[in-house]
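Subject: Structure for you to look at

Hello,

I am passing on the structure that we talked about, and below it you will find notes on what came out of the analysis. Please read them with the model open beside you.

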Amino acid sequence: MSSIGIVGAGIAGLQLGLFLRRHGISCTLYTDRSSDEIRSSRLPSTAALLGSTRRRDRELGTNHWDDDAFGCFYVDVRVKGLPELSSRGRIDPPALFIDMRLYLPRLLEDFEARGGRVVRAGALARSDVERLGQKHDLVVVASGRSDLSTMFPRDFDRSPWLEPQRRLFAGLFRGIDFPEELGLLFQIVPGHGEIFESQLLTAEGPVTCLLFEAIPGGVLDAATRVPCDDDPHVVESLVLDLLEANAPSVHDRVDRQIFHLTSPGDCMQAAIVPTARRAYVDLGEGRYAIAVGDAFATHDPVLWQGANAASRGAWALGEAIVQAVTLGRPLDRRFCEGMDERLWSLVGPSMHWTNAFLSPPPPHTMAIFSAASRDQSIADAFASNFDDPALQWRIFRGPEGASAFLEGFRGPRTRRGLGMTVAPASA
Ligand SMILES: Cc1cc2nc3c(=O)[nH]c(=O)nc-3n(C[C@H](O)[C@H](O)[C@H](O)COP(=O)(O)OP(=O)(O)OC[C@H]3O[C@@H](n4cnc5c(N)ncnc54)[C@H](O)[C@@H]3O)c2cc1C
């Protein structure tokens, strides 16, 4: 009977493990943290799960937070300037901003309840993965952007930078009135980065989540350098100043008397180098390790793609393993080479689109924002297409795709601009 070892209990490792268990495949998950340790850890991210990731959760029966009243129902894009450009598009189906300290422990418990074996190991090293290769038919490394991912060679053609293009500050706050309808504010501050405001579901209920994506050295960068753990009042007062100057539509809803960080562990600072890797390594004796999720392709979070790409890749890997096991085919080099191509075909578009967005917006991108501010159908298409990065990349990769997309709204309307005819992306 085939046995799969998975290293890492993030969304990629857990959705894969749950998928394999659903198909009766024996599976062991090696985690460096127990459910309770994940629950009590520092804020790891501020992830929005998009429609297709939520659909996969429904298929796995892990959609514990489906609630029609709570979600992210629109994206309000604002580009600071004179005049400010603004558009508000409906996200259909709605996304869910959820604290991974709520989501992951529950899925880990689901995995165990469904017959998955959980081994609480420390942080595994490459030599441990090699050892696991002798125990399992395939070892899947789903360890996020931790050092373990460096066992997979970096793909320099697919990873344009060696330095982060944004520095990040994220924090959970009370004292900002929720907007009338829950949604995401995506405030672009040209030359300086982006500010996001959303409502995140946490173990204590929904709270306001702020994410600053700062261009190093720009005005937002101060938030990413202020000592997060020292005095929360210093962080709070800096955040308020930055909101007042750069995101007035959020600042207008602040009650200064009660504005505060929800707890010292509810903020994080990071800087991510967008990186793509080869998906597999040879462990010797005919055994292989394969990377999925951030270990394979790490996105900057500016377009909320990383966890969704991790879920998409994990699902595809799960399907391929089930198919190989059912047909009695080995999980060998050929399998891994095929998976490398398949995974890149699935997550390459979100990497390209995200990386393009980290550079100053070219005229065709500004033309779409401008058209979205005048035409509701274009704003709605832009918002819903976040869940279709292959389509977004065809639209945003150059002037031709952007014109074809906008042209699609001149004739008979298609809801998401899918009537466009552009050459398929080959990058
Ligand atoms: C501020 C911020 C905002 C974000 N917003 C979004 C968003 O809106 N939408 C979105 O889709 N994505 C978003 N992301 C990205 C998203 O969080 C990641 O892409 C996603 O978590 C990757 O999932 P994963 O399962 O690959 O890795 P992870 O979630 O990082 O999980 C990896 C797991 O492996 C464990 N591990 C690590 N090393 C080892 C080891 N050596 N041995 C054993 N276990 C190990 C870790 O403890 C962890 O549990 C955001 C990220 C950040 C930082």
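How close do the axes of helix 10 (residues 333-357) and helix 13 (residues 389-396) come, and at roughly what angle do they cross? The axes come within 8 Å and cross at roughly 45°, where axes are lines fitted to C-alpha atoms, for helices over the stretch in contact, and angles run from 0 to 180 degrees between N-to-C directions. Helix 10 and helix 13 are therefore oblique to each other, given that angles under 35 degrees count as roughly parallel, over 145 as roughly antiparallel, 65 to 115 as roughly perpendicular and the rest as oblique. Their crossing is left-handed, a term used if the near helix is turned anticlockwise from the far one by less than a right angle, with right-handed used if clockwise.

Before going further, please keep in mind that this is a predicted model, in which local features need pLDDT of at least 70 and side-chain atom pairs count only at pLDDT 80 or more, while totals for chains, interfaces and linings use all residues. Residues are numbered from 1 along each chain as its sequence is written, and side-chain values use heavy atoms, with hydrogens and water left out.

Turning to the ligand, there are 31 residues around it, of which Asp32, Ala48, Asp294, Ala307 and Asn308 come nearest; a residue counts as near if one of its heavy atoms lies within 4 Å. By class, this shell has 16 nonpolar, 12 polar and 3 charged residues. Oxygen atoms of the ligand lie 2.8 Å from a polar backbone atom of alanine 48, 2.8 Å from a polar side-chain atom of asparagine 308, and 3.4 Å from a backbone N or O atom of glycine 306. Taken alone, the ligand exposes 990 Å², and the protein buries 91% of that (accessible areas come from the Shrake-Rupley method with a 1.4 Å probe).

Which elements give two or more residues to the shell around the ligand? They are helix 1 (11-22) and helix 9 (306-327), and helix 9 gives the most, with 3 residues; helices here are DSSP runs (H or I) of at least four residues, numbered from the N terminus. Helix 1 and helix 9 also pack against each other at an angle of about 30°, with their axes 8 Å apart, which means that helix 1 is roughly parallel to helix 9. The crossing of helix 1 and helix 9 is right-handed.

Best wishes

Technical notes: A polar contact is a pair of N or O atoms within 3.5 Å; within protein, one must be able to donate a hydrogen and the other to accept it, and residues adjacent in sequence count only if both atoms are side-chain atoms. Ala, Val, Leu, Ile, Met, Phe, Trp, Tyr, Cys and Pro count as nonpolar, Asp, Glu, Lys and Arg as charged, and the others, Gly among them, as polar.
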